[in-house]
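This report goes through selected strands, sheets and aromatic rings of one protein model. Please keep the structure in view while reading.

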Amino acid sequence: MKRTFLTAVLFFLISGATLAANTYTYIDLVNKLIDLEGLAVLPARGENADQWSSYDRKSYYDAEKQKYMDWAANGDGSGIIRREGNLSVIAEMEGPGVIWRIWSASLGDGHVKIYLDGSPEPAVDLPFKAYFDLRNEPFVYPALVYNASSGWDSFMPITYQKSCKIVAEDGWGQYYHFTYETFPEGTVVPTFRRDLSAAEKAALERVNDFLENKLSTDPAVERSGALVVKETIEAPAGKKVTVLKLEGARAITGIRVKPALEKTSGVEKLLRSLTLSIKWDGEAASSVWSPLGDFFGTAPGFNKYKSLPLGMTDEFFYSYWYMPFASEALIELENDGKTDAAVEFEIAHAPLSRPIDELGRFHAKWHGDVFLPKEKERRAIDWTLLTTEGRGRFVGVMLHVMNPEGGWWGEGDEKFFVDGEKFPSVFGTGSEDYFGYAWGDPRLFKRAYHNQTHNTKINQGHVSVNRWHIVDNVPFQVSFEGAIEKYFSNYRPTDYFATVYWYLSADGKDRYEARPLRERLKNLSMKIRAKKVKGALEGEELKIVETGGGETQAQNLLGFGTGWSGDQQLWWTGAHPGDKLSIAVSVEKEGRYEIKLQLTKAPDYGIVQFYLDDNKVGLPFDLYESSVVPSGMVSLGLFDLDAGEHTLTIEIAGANAKAAPAYMFGLDCVLLKAVK
């Protein structure tokens with residue numbers, strides 16, 4: 001998306017933000033994939049991060065009315081810039097720049113073509129699904145190109161000096177993000193080509209190996225003059241204690257902690273009662289303040305995962321965010337609980353590798369409903385992740401969703417407003433899309449740059465997701481506001497809590513304050529109940545024998561009303577006509593049975609044909625309905641069944657002419673009724 005004129009003017013008014021012209025090799029840019037120290041460097045004028053996505057173009061800012069229009073529009077699967085003949089133009093950028101991230105929720109056979117620097121021939125011309133299948137050079141590195149709980153992600157750098165244009169053939173798929181960086185004018189980068197040199201491939205191999213095998217270690221490996229302090233800190237109930245005070249111009253390069261969890265019941269409460277704070281250079285208010293557990297990127301409690309900057313392992317929780325300071329760093333631990341605690345700390349620090357004037361200060365803050373948009377009439381749906389003033393970079397967020405009633409909590413697009421722009425330069429397509437997965441998939445995934453670390457498998461209860469903006473960090477010169485749409489109110493009840501991470505100039509404004517214990521402990525304990533059909537086999541619990549296309553997952557249905565057994569279903573997405581899904585159905589005793597199914601009907605569901613043990617059963621069944629509803633019990637007929645395992649197969653036969661052509665299928669439950 002294009003920057004506003006106001007933003008362009010502001011760039012030239014910033015004191016100290018000088019134009020930085022560099023020459024980057026492709027290897028230089030590959031190395032940025034694991035460069036945490038570089039995030040602390042304050043951005044140069046002309047350095048931008050933006051994103052093209054398929055967001056619903058009905059959302060716009062009316063400058064004449066000074067209002068946000070159709071701001072909650074949710075048709076995010078097909079937004080494009082324009083049509084050119086039989087092609088969709090989905091992205092256009094002026095260089096010098098680099099595409100850092102490509103994401104999609106659904107991949108097709110239609111080609112996506114990337115044209116660079118005015119060449120009439122595309123630098124990449126592949127079916128969209130071939131960008132992600134690890135079969136086409138150079139998109140073959142599994143730590144950089146992969147599927148994360150139904151979302152397709154690629155972090156392969158695609159560079160251009162002058163321009164980039166991306167077009168898609170019909171049938172390319174559904175939903176897309178192209179996240180890119182624009183360098184300051186005068187920067188020199190190579191034009192991407194698929195036939196990389198041996199040295200470039202070796203650099204990618206090295207990064208891939210680190211991301212696959214060495215997470216939980218500092219990617220900088222060795223630092224000259226580094227020191228490590230190890231100490232067990234006793235934190236009495238109701239007290240604040242100093243963990244460490246450092247003096248001089250240095251940087252904290254690693255923090256490892258190990259709370260004494262084995263001695264304490266209520267781990268979730270303990271990790272919310274203990275708070276970590278850090279003050280830089282004698283400041284009065286903390287730049288880092290967070291419940292101890294949340295600081296390490298997941299909530300509630302202890303959830304094992306490894307990512308590039310943060311993680312939790314059996315041995316320790318770790319942070320490798322680079323934290324520079326000019327004269328002093330004060331690290332404190334406060335215990336707001338009623339029980340004494342002990343925490344082992346291991347803190348690494350080292351001399352600065354560049355002048356402190358070039359570096360921002362690290363900030364991390366935990367919060368709930370604070371600094372929500374002032375334009376409540378039109379932007380009520382936006383939930384503020386971070387608002388700050390000064391010069392710096394937004395580098396990540398952990399979102400903790402408390403969702404006791406269940407149902408899909410997200411749908412909300414991320415929106416990043418940089419340097420006072422009225423329309424966001426980053427406008428996403430959905431909450432799970434921003435966090436790199438898709439379709440509200442509740443399965444956990446653990447990756448270097450984004451994770452789903454906690455989910456009850458049905459999006460009900462606690463959900464914890466994070467995203468680290470390492471290469472795709474968002475630089476700003478004057479201000480930054482990041483929001484994510486929140487579709488459901490606290491009275492549903494659905495509560496959001498976030499820990500946000502950013503770098504900020506020493507004179508920047510951080511208005512976030514410590515939050516009280518009662519807020520931190522809100523809804524930590526939740527009761528989840530669901531009614532089930534007596535004697536039924538729950539669809540989401542049945543064994544998958546074979547999937548001939550698409551993907552399956554358990555889906556929570558509470559957000560769609562009532563009537564489903566257990567409030568969830570087996571959900572089959574991404575299939576096409578002719579694809580089959582086979583499920584094992586166990587019969588305890590030999591006999592005659594009526595087989596009944598409860599299915600889901602919806603606007604984007606298909607027509608299906610059933611088979612039992614490879615024998616066609618009945619006529620095709622149309623699952624189209626104008627809203628999402630349970631079908632009621634559908635009888636497949638009477639069958640003489642042996643004891644043991646039988647196979648129920650579903651084939652996608654097509655779709656109703658009124659249906660959105662997504663060919664989805666949902667199986668709520670199977671009921672075997674004995675017939676005498």
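Predicted model: local features only at pLDDT ≥ 70, side-chain atom pairs only at ≥ 80, totals over all residues.

Y496 belongs to strand 37, while W409 lies in the loop between strand 29 (392-403) and strand 30 (414-418), so the pair ties together parts that are 87 residues apart in sequence.

How many of the residues of strand 27 are buried? Seven of its seven residues are, and this strand covers residues 361-367. In a regular strand, side chains alternate between the two faces of the sheet. In strand 27, R361, H363, K365 and H367 point one way, whereas F362, A364 and W366 point the other way. Residues of both groups are buried.

Strand 27 pairs with strand 20 (residues 288-291) in the parallel sense, over two bridges. Here W289 stands opposite K365. Strand 27 is also joined to strand 37 (residues 495-504), by seven bridges, and these two strands run antiparallel. The bridge partner of H367 in strand 37 is A498.

## Aromatic rings

The structure holds 49 aromatic pairs. In one of them, the rings of F362 and Y503 have centres 5.4 Å apart and planes at 65 degrees, so the pair is edge-to-face. F362 is in strand 27 and Y503 in strand 37, so the pair ties together parts that are 141 residues apart in sequence. Both F362 and Y503 are buried.

One aromatic cluster is formed by Y26, F128, Y131, F132, F139, W152, W172, Y176, F178 and F192.

## Charges over rings

Which ring does the charged end of K580 sit over? It is the ring of Y611, with the charged end of K580 4.8 Å from the ring centre. R379 lies over the face of Y68, at 5.6 Å from the ring centre.

Strand 8 (residues 111-116) is joined to strand 9 by four bridges, and the two run antiparallel. In strand 9, L126 is the bridge partner of V112.

Another open sheet of five strands has the order 39-42-47-44-45, again with antiparallel pairing. Its edge strands are strand 39 (544-547) and strand 45 (615-622), and each pairs on one side only. Strand 44 (residues 607-612) pairs with strand 45 in the antiparallel sense over five bridges. F610 stands opposite V617 in strand 45.

## T387 in strand 28

Is T387 buried or exposed? Its relative accessibility is 16%, and buried means under 20%, so T387 counts as buried. T387 is found in strand 28 (residues 382-389). Leaving out residues up to four places away in sequence, T387 touches F371, F480, E481, R511 and Y512.

Note on methods: Residues numbered from 1 in each chain as written. Heavy atoms only, no water. Pairing = 2+ DSSP bridges. Buried < 20%, exposed > 50% of the residue type's maximum accessible area, 1.4 Å probe, protein only. Contact = heavy atoms within 4.5 Å. Phe/Tyr/Trp six-rings, centres within 6.5 Å; stacked < 30°, edge-to-face > 60°. Lys NZ or Arg CZ within 6 Å of the ring centre and 35° of its normal.
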